[in-house]
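User: I would like to learn how to read a few features of a structure file. Please take them one at a time.

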Amino acid sequence: MRMHEFNRYTLSLCAIAVMLAGCGGAASPPGVPSEFRQSTARDEASRSIQNVIVVIQQNRSFDNLFSGFAGADAPTKGLTSKGTYVPLRPIRLQTARRCAANHRGDYFEIVYDGGKMDGWNLLDGQHPLCPYTHVARAQVHPYWDLAQQYVLADKTFASTKYGDFVNSLYLVAGTTRVKRNVYLAGQPNNTPWGCDAPAGTWTPVLKHGRFDLRGPFPCFDQFPTIADLLDKANVSWRFYYGEAREDEFPFNPYTAIEDVVDGPDWAHDMSAPATNILDDLTHGNLASVSWVLSPLADSDNPGYGGGPKWVSALVRAVQKSAYWQHSAIVVVWDDPGAGLFYDNAAPPQLDEMGLGFRVPMIVVSPYAKRGYVSHVQYEFGSILKFIEENWKLGSLGSTDRRANGFTDIFKR
């Protein structure tokens, strides 16, 4: 995978203050911490969720970010194949060391071990304890603050075990089925991924349960995405991503959807850089449904440390805007399927595509339960179902059908 080096996105305290002062949110009562204030002026009986913002972070397991979180399945030690437990050692978000570099790629099967989740020490022969880590709490306290004030879901799993290219498509489509019993099951063999890939690029598939490298060109029209349902219902949407429109990573799944790339949605609904959402919040241009694919420097991808500051700044901007009283923010982490970081939860195997490793998910909203850990099983299709049900869009007919909705997350 080719990654560009980006200048680290920063928001100075002064810039944040100027931006937030220009937003139209109601003043918060004194004595409430300034970072995550709740408005007391809403009338829940007469309001509904009118804006959903899905923030997509990268490449962290639940245990890696939330080890030790009270009330959650979040151990501080990990099981090895020898039946022993080792402490999860603290690391920095900026730690760029990647585990499993010496293995041929069947990371999931080795780790899963029939549901024991004890094979993490077998991934890297030279550094067997490399995955047994957690990010030092001081580095991720903004995530913990959000989780402690709103809802942390401790049973959310990536939709597949076949990596970030496939999981990115599941985030917007709930499937990668291109033919009957044929599913995309890996990243393309060339960059850029998507419709701009060089001629001759192919994507691996799982065909009748067998892995086949010679799959289709990575530009797809075989499955609908949530954008199709939103367009049909005239519900506005926008996908914010990266630092520039040509960024290749983190991967924008809509660059691989033919009718978006070649149709009006590309001009109307794609927005780069991701920080454009701050301007849209300020000027009253936020769409009903927004995705924010965070820039690499703020993505939580190993080696980059800007994620907590960026996500907390975005949440504060929403809370200070005129949109807050109707909003729900879903922060979820994608998964590369490569066994980078230990997690103890065994993913239920619902079909031949997955589920994949467990990832964190936080839901922030005036309607969310307060200080709550949801133990309901979620997958990426759960986010799609939430959007579908909120706007009565119907169903994509993919994993959104089987996935649990967000009933447990919101107040009744």
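User: What should I know about the model before reading it, and how are its residues numbered?

Analyst: This is a predicted model, in which local features need pLDDT of at least 70, side-chain atom pairs count only at pLDDT 80 or more, and totals for chains, interfaces and linings use all residues. Residues are numbered from 1 along each chain as its sequence is written, and side-chain values use heavy atoms, with hydrogens and water left out.

User: What is the average pLDDT of the chain?

Analyst: pLDDT is the predictor's confidence in each residue, from 0 to 100. Where it is low, the predicted coordinates should not be read in detail. Here the chain average is 89, and 87% of the residues score at least 70. Over residues 1-47 the pLDDT is below 50. That stretch has 87 contacts in the model beyond near neighbours in sequence, a contact being heavy atoms within 4.5 Å.

User: In what order do the strands of the open sheet run?

Analyst: Strands (E, at least two residues) and helices (H or I, at least four) are DSSP runs numbered from the N terminus, and two strands pair if DSSP finds at least two bridges between them. In this case four strands form an open sheet in the order β7-β8-β9-β10, with antiparallel pairing. Because β7 (177-179) and β10 (210-212) each have a single partner strand, they stand at the edges and one side of each is left without a neighbour in the sheet. On average, neighbouring strands are turned by 35 degrees against each other, direction ignored; the axes are lines fitted to C-alpha atoms.

User: How many bridges join β8 and β9?

Analyst: Strand β8 (residues 182-184) and strand β9 (residues 205-207) pair over three bridges in the antiparallel sense. Val 182 has Lys 207 in β9 as its bridge partner.

User: How many salt bridges are there?

Analyst: Side chains of opposite charge can pair when their charged atoms come close. The rule asks for a side-chain nitrogen of Lys or Arg within 4 Å of a carboxyl oxygen of Asp or Glu. By this rule the count is seven.

User: Which residues are linked with Arg 358 in a network of salt bridges?

Analyst: Asp 63, Asp 73 and Asp 343 are linked with Arg 358 in such a network. For Asp 73 and Arg 358 the closest N and O atoms are 3.9 Å apart. Asp 73 is in the loop between α2 (62-66) and β2 (77-79), Arg 358 in strand β15 (residues 358-364), 285 residues apart. For Asp 343 and Arg 358 the closest N and O atoms are 2.8 Å apart.

User: Are these residues buried or exposed?

Analyst: Buried means under 20% relative accessible area, exposed over 50%, and partly exposed in between (1.4 Å probe, protein chains only). Asp 343 and Arg 358 are buried, Arg 358 having a relative accessible area of 0%. Asp 73, at 35%, counts as partly exposed.

User: Which cysteines does the disulfide join?

Analyst: A disulfide is a covalent bond between the sulfur atoms of two cysteines; the search takes pairs of cysteine sulfur atoms within 2.5 Å. It finds one in the whole structure. Cys 195 is joined to Cys 219, with S to S 2.0 Å. The torsion about their S-S bond is about 85 degrees, so the disulfide is right-handed. Cys 195 is in the loop between β8 and β9, and Cys 219 in the loop between β10 and α6 (226-232), 24 residues apart. Cys 195 is buried, with a relative accessible area of 17%.

How values were computed: Axes are lines fitted to C-alpha atoms, for helices over the stretch in contact, and angles run from 0 to 180 degrees between N-to-C directions.
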